[in-house]
Amino acid sequence: LFLAQEPGVVEAEVNLGVALAHEGQLDEAIKQYRLALPSIKDKNAVVLNLALAYYKKRDWEDAQTEFEVLHKTQPDDARVALLIGDCNLHLGKNAETVALMSPLEAANSQNPDFDFVLASALIKTNQQRKGASLMEKSATLGNSADAYMIAGSTLLALNEFDQARHNLDTA
């Protein structure tokens, strides 16, 4: 009702977008964020919310596009790189994920999600040994059955049977 009587109140449009996204009404939230973007000075928070709404919809292309906007202003933000990397994986852009995330690997050495996405991309770009090693690290840090299973399967393909069995048994 307020927005109908006072259109263009940017904070209200953004807050409505957040509320709609929280309720799962992602298409409506996206519309609100898009309405707010041209009028807001600090766009990063709204772009992040917009990107996350697309991500939750599994609209990988639009999510990746919006995360890229954030990445230009926050190139060292590992969270943004992780989300771009995950979108890229869903889009089959594995080499792009490796190129984006590899420079940030050392600074994120204790982040199992970061390791999981980078390891997945490494494995898919025929860097199985390095990918399996990183996937094992992700599995250990995050206690992830999926990561143990992927590491084990990759090691099995590399004929590293003892280590493969260890990972598969742990999964």
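Confidence comes first. This is a predicted model. The protein averages a pLDDT of 93, and 95% of the residues score at least 70. Confidence is highest in helix α8, residues 112-124, with a mean of 98. Confidence is lowest in helix α1, residues 2-5, with a mean of 46. Over residues 1-5 the pLDDT is below 50. Beyond near neighbours in sequence, that stretch has 7 contacts in the model. Where pLDDT is low, predicted coordinates should not be read in detail.

**The nonpolar core**

How many residues does the largest nonpolar core have? The count is 45. Seven names stand out for having the most contacts inside this core: Y33, L50, F67, M101, F114, L118 and M135. Helix α6, which spans residues 78-91, gives the most to the core, with 8 residues.

Leave aside the neighbours within four places in sequence, and F114 is in contact with A78, L82, M101, L104, E105 and N108. M101 is itself on the list of core residues with the most contacts.

A147 sits in helix α10, residues 145-157. The relative accessible area of A147 is 0%, so this residue is buried. Residues up to four places away in sequence not counted, A147 touches F116, M135, S138 and A139. M135 is another of the core residues with the most contacts. A147 and E136 are 11 residues apart along the chain, and their C-alpha atoms are separated by 6.8 Å.

**Salt bridges**

Side chains of opposite charge can pair when their charged atoms come close. The structure holds 8 salt bridges. The table lists three of them.

| Salt bridge | Closest N to O distance |
|---|---|
| K31 and E28 | 3.3 Å |
| E66 and R34 | 2.8 Å |

D27 is partly exposed, at a relative accessible area of 46%. K57 is partly exposed too, at 36%.

Next come K31 and E28, which also form a salt bridge. Where do these two residues sit? They lie 3 residues apart in helix α3, so about one helical turn separates them. K31 has a relative accessible area of 49% and is partly exposed. E28 is partly exposed at 35%.

The pair of E66 and R34 forms another salt bridge. Is E66 buried or exposed? E66 is buried, at 9% relative accessible area. R34 is partly exposed, at 37%.

**A polar contact at D77**

D77 is found in the loop between α5 and α6. D77 is buried, at 14% relative accessibility. A polar atom of the D77 side chain lies 2.9 Å from the backbone nitrogen of R79.

**Aromatic pairs**

A pair of aromatic rings is described by the distance of the centres and the angle of the planes. A search of the whole structure finds 2 aromatic pairs. In one of them, the rings of Y55 and W60 have centres 5.3 Å apart. Their planes stand at 75°, so the pair is edge-to-face. Y55 is partly exposed at 22% relative accessibility, whereas W60 is buried at 14%.

Y55 also pairs with F67, with ring centres 6.2 Å apart. These planes stand at 75°, so this pair is edge-to-face. The pair links distant parts of the chain: Y55 is in helix α4 and F67 in helix α5, 12 residues apart. F67 is buried, with a relative accessible area of 0%. Y55, W60 and F67 form one aromatic cluster.

Conventions
Residues are numbered from 1 along each chain as its sequence is written. This is a predicted model: local features need pLDDT of at least 70, side-chain atom pairs count only at pLDDT 80 or more; totals for chains, interfaces and linings use all residues. Side-chain values use heavy atoms; hydrogens and water are left out. A salt bridge is a side-chain nitrogen of Lys or Arg within 4 Å of a carboxyl oxygen of Asp or Glu. Buried means under 20% relative accessible area, exposed over 50%, partly exposed in between (1.4 Å probe, protein chains only). Helices (H or I, at least four residues) and strands (E, at least two) are DSSP runs, numbered from the N terminus. A nonpolar core is a set of buried Ala, Val, Leu, Ile, Met, Phe, Trp, Tyr and Cys residues joined through side-chain atoms within 4.5 Å. Contact means heavy atoms within 4.5 Å. pLDDT is the predictor's confidence in each residue, from 0 to 100. A polar contact is a pair of N or O atoms within 3.5 Å; within protein, one must be able to donate a hydrogen and the other to accept it, and residues adjacent in sequence count only if both atoms are side-chain atoms. Rings of Phe, Tyr and Trp (its six-membered ring) pair if their centres lie within 6.5 Å; planes under 30 degrees apart count as stacked, over 60 as edge-to-face and the rest as tilted.
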